[in-house]
Amino acid sequence: MDTEISLVVDGTPHAVVVDTRTTLLDALRERLGVTSPKKGCDHGQCGTCTVLLDGRRHLTCLSLAVAQDGAEVVTAAGLADGGLHPVQQSMLEHDGYQCGYCTPGQVCSMVGMLDEAAQGHPSHVTDDLTADVELDDAEVRERMSGNLCRCGAYPGILAAARQAARG
Amino acid sequence: MRALDYRRAGSAEEAVELVATHPGARFLAGGSNLVDHLKLGITAPGLLVDVSRLPLDTVEHLDGDHGSVLRIGANVRNSDLAAHPVVRSRFPVVARATLAGASGQIRNQATTAGNLLQRTRCVYFQDVTTPCNKRDPGSGCSAIGGYGRYNAILGASDQCVTTHPSDLAVGLAAVDATVVVLGAEGERRIPFEDLHRLPGDRPEADTTLAPSDLVTAVELPMGPEVERSTYTKVRDRASYAFALVSVAATLRLKDDRVDRVRIAWGGVAHKPWRARRAEEALTGGPLDEQAVRAAVDEELAAATTDDETAFKVAMVRNTTTMTLLGLAGEAAR
Ligand SMILES: Cc1cc2nc3c(=O)[nH]c(=O)nc-3n(C[C@H](O)[C@H](O)[C@H](O)COP(=O)(O)OP(=O)(O)OC[C@H]3O[C@@H](n4cnc5c(N)ncnc54)[C@H](O)[C@@H]3O)c2cc1C
Ligand code: SF4
Ligand code: FES
Ligand code: FES
């Protein structure tokens, strides 16, 4: 079944006709030519397809495009506004990438993660559920655990997150 | 994936009506489990009824016919549930169970109802080239005698030996939650323990719900007395993996004796396992290591294991002991 939906991607509005089966990831990459989010596992297991959907980090491979009609999507590419986003700058300075395949997902996830922490959301490793969040290494590792890196660039990614968290 | 239709429901009633009148139709919430199953060919509904925009997305404290309850809408995202101040302060076991599941991104997508109604992660269920009674009734069970690390040790049948994967469900089993359901005949309320079922000779049915039953909310009783509670999950990796074994527990002590205790286990059965015998054995007595071990062993007397699952007995015993002693320590402070 075909349906016309609208998506705002990195600030640009699009109208696109999608089959019910089309995932948001395929709509972005195959239909709109937005190749910043990558397809890794296609089953929610690796995080490379992460974007910011209506402001929150979100996997695009397990979402049907038709269900996201009207959504605002920001990809890693769209985060650069004139210059690099602070998270992108930190990733660059701390060598948070090797082949770079997981990087767009890591960047979007980190932006979303920092925002969640700023709002005081606890994580699995938070000792006191009602206290303020302090992003130490264990917190960053846990909160970024949905993004896998086959090259093992984790030490750089961790350092980048700590710098970005300091602001 | 087979071609399928899509409708966005305008109201809960319309959603129920659509699924009731279209055999094989399914509700779509966050999609993080259902879309995966469409891709894998595990299910092929002719119609998806999108319920994700129904206004069932708030957490509210209500005082009404059913006492004082915290009502969690079916569409509340897992991340919002775990971050809710009342959930964090009054129901740490629910917050912690939610936070122990999946990843930050998936918790932003996953809904309360979708999480409870997610299907098993049995590797054979997910591999359509292998026999599986749950996916394809009557075809056989590949897990019996196969890869069994995640298999059940309680309540399994000779038709299916898998476990329920949800962490949140184990947390809710320990707080005596109630599931609010809108069916073709109107609204009804189900004690949480009666939502999921053991496999018996119908392993394809995970729950007692009819296909057109829409979960609209989950309610947690908010008694005047605050209990200690927590959730412990044991898994192969430190994060982002399903439970081998998990323990949800709530505890209230009075004069150093157990006044009230609730214990639910994950990773051991086809449903969250409420350890009622263990609870009974502990109630009224002291909470020490010996008492907990004895109570757990009483509950596990019915366990059946094989080479692949034998480790779970000691894991459940040790994790339950650690969890309850930890809560008792907190209570004493
Ligand atoms: C890589 C990965 C790791 C994961 N790890 C964990 C983990 O460690 N622990 C854990 O608990 N979970 C884990 N999950 C599962 C995840 O939590 C579930 O996919 C999610 O909670 C499902 O919610 P949803 O809203 O996306 O459901 P959907 O996929 O939309 O729906 C799931 C099912 O619920 C039905 N449904 C949805 N809403 C309703 C309703 N209101 N009434 C009736 N039926 C309804 C749907 O028809 C469908 O059958 C993991 C998932 C992935 C992909
Ligand atoms: S254990 Fe259950 S889900 Fe797994 S293969 Fe057997 S029947 Fe299927
Ligand atoms: S491609 Fe979406 S999580 Fe791997
Ligand atoms: S840098 Fe290569 S996958 Fe992460």
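Buried means under 20% relative accessible area, exposed means over 50%, and partly exposed lies in between (1.4 Å probe, protein chains only). This is a predicted model, where local features need pLDDT of at least 70, side-chain atom pairs count only at pLDDT 80 or more, and totals for chains, interfaces and linings use all residues. Residues are numbered from 1 along each chain as its sequence is written, chains are lettered from A in the order in which they are written, and side-chain values use heavy atoms, without hydrogens and water.

**Exercise 1. Confidence**

Task: State the scores of the model and the mean pLDDT of chain B.

Solution: 
- The model has ipTM 0.98 and pTM 0.98.
- Go on to chain B. pLDDT is the predictor's confidence in each residue, from 0 to 100. Chain B has a mean of 97, and 99% of its residues reach 70 or more.

**Exercise 2. Salt bridges of chain A**

Task: Examine the salt bridges Lys39(A) to Asp42(A) and Glu116(A) to Arg57(A), and classify each partner by accessibility.

Solution: 
- A salt bridge is a side-chain nitrogen of Lys or Arg within 4 Å of a carboxyl oxygen of Asp or Glu. Over all chains, this rule gives 27 salt bridges.
- Take the Lys39(A) pair. Its side chain meets that of Asp42(A) at 3.6 Å, N to O.
- Classify both ends. Asp42(A) has a relative accessible area of 18%, so it is buried. Lys39(A) has 31%, so it is partly exposed.
- Take the Glu116(A) pair. The closest N and O atoms of Glu116(A) and Arg57(A) are 2.8 Å apart.
- Helices (H or I, at least four residues) and strands (E, at least two) are DSSP runs, numbered from the N terminus. Glu116(A) sits in helix α4 of chain A and Arg57(A) in strand β4 (residues 56-59), 59 residues apart, and the pair links distant parts of the chain.
- Classify again. Glu116(A) is buried at 12%. Arg57(A) is buried at 1%.

**Exercise 3. A bridge and a network in chain B**

Task: Locate the partners of the salt bridge between Arg276(B) and Glu193(B), then name the members of the salt-bridge network.

Solution: 
- Read the distance. The side chains of Arg276(B) and Glu193(B) meet at 2.5 Å, N to O.
- Arg276(B) belongs to helix α10 (residues 276-282) of chain B, and Glu193(B) to the loop between β7 (186-191) and β8 (214-221), so the bridge ties together parts 83 residues apart in sequence.
- Classify them. Arg276(B) is partly exposed at 40%. Glu193(B) is partly exposed at 25%.
- Turn to the network. Asp176(B), Glu227(B), Arg260(B), Arg262(B), Arg274(B) and Glu279(B) are joined into one network by salt bridges that share partners.

**Exercise 4. A charged patch**

Task: Which residues form the negative surface patch, and is Asp127(A) buried or exposed?

Solution: 
- Recall the patch rule. Patch residues have over 30% relative accessible area and no salt bridge, with like charges joined within 9 Å and nonpolar side chains (Val, Leu, Ile, Met, Phe, Trp, Tyr) within 5 Å.
- List the members. The patch consists of Asp127(A), Asp128(A), Glu134(A) and Asp136(A).
- Asp127(A) is in the loop between α4 (103-118) and α5 (137-143) of chain A.
- Classify this residue. Asp127(A) has a relative accessible area of 75%, so it is exposed.

**Exercise 5. Sequence separation and C-alpha distance**

Task: Tabulate the C-alpha distances from Gly73(B), Val128(B) and Pro23(B), then describe the setting of each residue.

Solution: 

| Pair | Residues apart | C-alpha distance |
|---|---|---|
| Gly73(B), Pro92(B) | 19 | 18 Å |
| Val128(B), Ile42(B) | 86 | 6.5 Å |
| Pro23(B), Thr320(B) | 297 | 43 Å |

- Gly73(B) lies in strand β5 (residues 67-73), and is buried at 6%.
- Val128(B) lies in the loop between α8 (123-126) and α9 (167-173), and is partly exposed at 43%.
- Pro23(B) lies in the loop between α1 (12-21) and β2 (26-28), and is exposed at 80%.

Conventions
Accessible areas come from the Shrake-Rupley method with a 1.4 Å probe; for residues, only the protein chains shown count as cover. Lys and Arg count as positive and Asp and Glu as negative; His and the chain ends are not counted. The place of a charge is taken as NZ of Lys, CZ of Arg, CG of Asp or CD of Glu.
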